[in-house]
Amino acid sequence: MTMTTSAIEVKAKKTSLLKIRMKKMRSNKLATIGLLVCIGMTLLSVFAPFITSYDPAQMNLSNITQAPSAEHIFGTDKLGRDVFAQVLYGGRVSIYVGVLSALGGTIIGVLAGAIAGYFGGKIDSILLRFSEIFMTFPQLILVLVLVSLLGQGVNNLIIVFVITGWMTTFRLVRNEFLTVREETYVSVCRSFGIPTSSIIFKHMLPNTMSPIIVAFTVNVAGFILAEAGLSFLGLGVPVTTPTWGNIMNAAQSIDVVTNYWWLWLAPGIAISLFVLAINFLGDGLRDILDPKQ
Amino acid sequence: MTTSKREEMIFSIKNLKTHYPVLGGFFRKQIGTVKAVDDVTIDVRRGETLGIVGESGCGKSTLAKTMMLLEKPTEGKMLYDFNGEQKDVTKLNAGDVFDFRSRVQMVFQDPYSSLNPSKRIIESFDEPLRVHGYKNPAERKQRIIESLRMVNLSEDYLYRFPHEFSGGQRQRISIARALCINPELIICDEPVSALDVSIQAQVLNLMKEIQKELNLTYVFIAHDLSVVQYMSDRVVVMYLGKIVEISEASNLHVNPLHPYTEALLSAVPVPVVNEGKSKRIPLTGDVPSPINRPSGCPFSNRCPKRMDICTQVEPPLQSYGEEDHQVACHLYTKPI
Ligand SMILES: Nc1ncnc2c1ncn2[C@@H]1O[C@H](COP(=O)(O)OP(=O)(O)OP(=O)(O)O)[C@@H](O)[C@H]1O
Ligand code: SF4
Ligand SMILES: [Mg+2]
């Protein structure tokens, strides 16, 4: 019985730390706005069917390139599809690609970085050289090669992003671990015979978490932009799947850019807003998670 | 008395060497060797405090870490007494290493980084206890409270974070943590050198009390000879990775043999009665780097009593006078 009480005690104290962080979060206006915008846009995308009755794929050739109106608030595209519905549904894929790619890159980066930084020596040099090869190879060419190898598709794009995007987190985590490794508490853990995996993940990793989280947010933003860029060039997600980049794909001609501004402005604003918001959030988290404060 | 003590050896270090490669150049090739610990032989006897003293950089921490199996020795044996059975801990299997770690613990030099900044005090104790077989959380908590009480800290501190404590409190917490799994030998690597002088005595006395209460054996390291003398039964004087003198602590300031020990002693404000006799022997020059040690006696470039032989032949560690008093200096080398 006492066991449960002590567990509860720890939990109660833990929440108080969480409360402190929440308080810090709320006092940081930009971060709060960033968080709310991110959550808001994600929810809008997820619950798109409840927000618009239009099907983003539904063509209506009698109603093409309509300027924004009460009926189509972001207008319609060259095939008469509702742009608002496209932006909502497109957000689903774009955010999914961004978050999942960043998550995959973070997991690989953290694992490899922790191992390289903790053990050092040969394994470190091998992993470091490996990451350098990836970093010095022109990123865009690597992406193009991989896309053509794997074929176009949402999940393939995520795989490509993970393969080409784990190195920044890797280097960051490796450097953090090289520093933290010298802390005496690591030697203390070793003298108690605590298993290495536990030393790395339970004792050291929590102290390197804040830069990892910040890097994660930066990566989400980066991958959303990369998806938009690739799709705009027609190399990302197949055009049949709506993404923010694919919607912009229509704006490749000067004609569209000058005459049908809503076709590129709506998805453009969606991308910018989301990326900006997540960057605000990342900046805020950097301060909030700093254990020294 | 001495002989009965001698039989109860707990940790016997034989010809221990811990060398670090010095890497350099574009291809990070080995361009030299730091002989941080070089041919050290020490017997730690059960129940005693063995002091180790020497200037900064002479290899004290490296020796401590090697004894704690945190650093791999380059050469040598370390025999530990597992309930009457002597085993070389450099060649143990994983299970025996774990057994060793439950018997030997270490208190580290830096109290500020020896507690994980993101963990509450209770969490810093909890996993070591769990790993060492305390399965029941309530029992673990009880054990943590007991250990904290042993260093005069209340259980109110259990849920605090390290940054809420002073250096002295942190070092006491570190001591409590080392004690919590009930070790028999504690290696203390300069446990008070980072603390205010006013706090030092308090922590030292606490450590003495705890030792008496729990029948602990201490290996006590410091760069301050007065602290080592106060704490220890025997004192090992190290210079550049080597032992230059081993003596009873009570005898050391009365009858120091090695010129380096004399110099250390003269730098210490010892409360001696015969003030008129004490004169300072200045230590001139810096400690040479352990990478390129002078040939012959390692102290020869700073020694005021240097002789011709000193730069040519390295003096061996030999008994002089009493059996328990050993010195490595040509002034005392027995003619063959
Ligand atoms: N990991 C390492 N790699 C290379 N050289 C090292 C390493 N650790 C220690 N050394 C060197 O070994 C020598 C002894 O260092 P050590 O830390 O054992 O000295 P110390 O007596 O504990 O000094 P202090 O009083 O400053 O703590 C020093 O010259 C140091 O630079
Ligand atoms: S051996 Fe020679 S140089 Fe070394 S301490 Fe003795 S007298 Fe001095
Ligand atoms: Mg040291």
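Trainee: Leaving aside its neighbours within four places in sequence, what is A:Tyr260 in contact with, and what makes it a contact?

Mentor: The partners are A:Thr65 and A:Asp255. Each is called a contact because heavy atoms lie within 4.5 Å. This is a predicted model, in which local features need pLDDT of at least 70 and side-chain atom pairs count only at pLDDT 80 or more, while totals for chains, interfaces and linings use all residues. Residues are numbered from 1 along each chain as its sequence is written, chains are lettered from A and ligands numbered from 1 in the order in which they are written, and side-chain values use heavy atoms, with hydrogens and water left out.

Trainee: Where is A:Tyr260 found?

Mentor: A:Tyr260 sits in the loop between helix 13 (254-259) and helix 14 (261-288) of chain A. From A:Val147 it is 113 residues away in sequence and 31 Å away in space, C-alpha to C-alpha.

Trainee: How many helices and strands are there in chain A, and what makes a run a helix?

Mentor: Chain A has 14 helices and 0 strands. A helix is a DSSP run of H or I with at least four residues, a strand is a run of E with at least two, and both are numbered from the N terminus. The C-alpha atoms of chain A fill a box of roughly 75 × 45 × 30 Å along the principal axes.

Trainee: Why is the pair A:Glu132 and A:Arg171 called a salt bridge?

Mentor: The term requires a side-chain nitrogen of Lys or Arg within 4 Å of a carboxyl oxygen of Asp or Glu; the pair has 3.3 Å from N to O, so it qualifies. The pair links distant parts of the chain, with A:Glu132 in helix 5 (residues 121-136) and A:Arg171 in helix 8 (residues 167-180), 39 residues apart. Over all chains the structure holds 25 salt bridges.

Trainee: How many salt bridges are there between chain B and chain A, and how do you know that B:Glu127 and A:Lys202 form one?

Mentor: The count is 1. The side chains of B:Glu127 and A:Lys202 come to 3.6 Å, N to O, so they meet the cut-off. Helix 4 of chain B gives the most to the side of chain B that touches chain A, with 5 residues.

Trainee: What area do chain B and chain A bury between them, and why is it called buried?

Mentor: They bury about 2400 Å², 59% of it on carbon and sulfur atoms. The area is called buried because it is the accessible area (1.4 Å probe) that the two parts lose on being put together, summed over both. In contact are 30 residues of chain B and 24 residues of chain A.

Trainee: How many residues on that side of chain B are nonpolar, polar and charged?

Mentor: They divide into 15 nonpolar, 6 polar and 9 charged. Ala, Val, Leu, Ile, Met, Phe, Trp, Tyr, Cys and Pro count as nonpolar, Asp, Glu, Lys and Arg as charged, and the others, Gly among them, as polar.
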